[in-house]
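Hi,

Here is the structure we talked about. My notes on it follow below.

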Amino acid sequence: MKIVVMDGQGGRMGALLCEKLKKNWKELPDGTLLTAIGTNSAATAAMLKAGADCGATGENPVLVACRDADFIIGPLGIIAADSLMGEVTPAMAVAVGSSPAQKILLPVNRCNHHVVGVQDYSMSRLTDEAVQELIGCLKVR
């Protein structure tokens, strides 16, 4: 199984996700690959430091990683062109949105994308919920 964690800017959310996924690694199938894809090198480095198995930076790695991912996890902005302060290109947003992977998107109400009906949780709580959602999806499979 291939899990892609995608983040930008400083990579804080992606790093928290990688760290929490590794803490729950026993819940995931054997052979699971945790791939960090950063929209910039700082985000990629943060996710690798937090435990991702491999990582890459930029538009083309997003396009390639989304082709065969089973899960894509990241902020809601990864499906919106020019989000994350312009770090998500239109091609990146299309690659994520059109990927057959299940997407677990964290509703960070910033950068002009607001999700109504959703609590404004801390980053820690959002990442906890994302990891639990992934584990729940795996139990249904």
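At the start of helix 2, a side-chain oxygen of N40 comes within 3.0 Å of the backbone nitrogen of A42. Helices here are DSSP runs of H or I with at least four residues, strands are E runs of at least two, and both are numbered from the N terminus. Just past helix 2, G51 has a positive phi of about 125 degrees.

This is a predicted model: local features need pLDDT of at least 70, side-chain atom pairs count only at pLDDT 80 or more, and totals for chains, interfaces and linings use all residues. Residues are numbered from 1 along each chain as its sequence is written, and side-chain values use heavy atoms, without hydrogens and water.

Helix 2 has A43, T44 and M47 as its buried residues (buried is under 20% relative accessible area, exposed over 50%, partly exposed in between; 1.4 Å probe, protein chains only). They cover an arc of only 100 degrees around the axis, so they sit on the same side of helix 2. That arc is taken from the directions from the helix axis to the C-beta atoms. The face turned away carries exposed S41 and K49. The cover over the buried residues includes strand 1, helix 1, strand 2 and strand 3.

T44 has a relative accessible area of 5%. Its contacts (heavy atoms within 4.5 Å) beyond four places in sequence are A36, I37, G38, G55, A56 and T57. T44 and T57 are 6.2 Å apart, C-alpha to C-alpha.

I73 lies in strand 4 (residues 71-75). I73 is buried at 0% relative accessible area.

Best wishes

Terms used. Polar contact = N/O pair within 3.5 Å; in protein donor to acceptor, adjacent residues only side chain to side chain.
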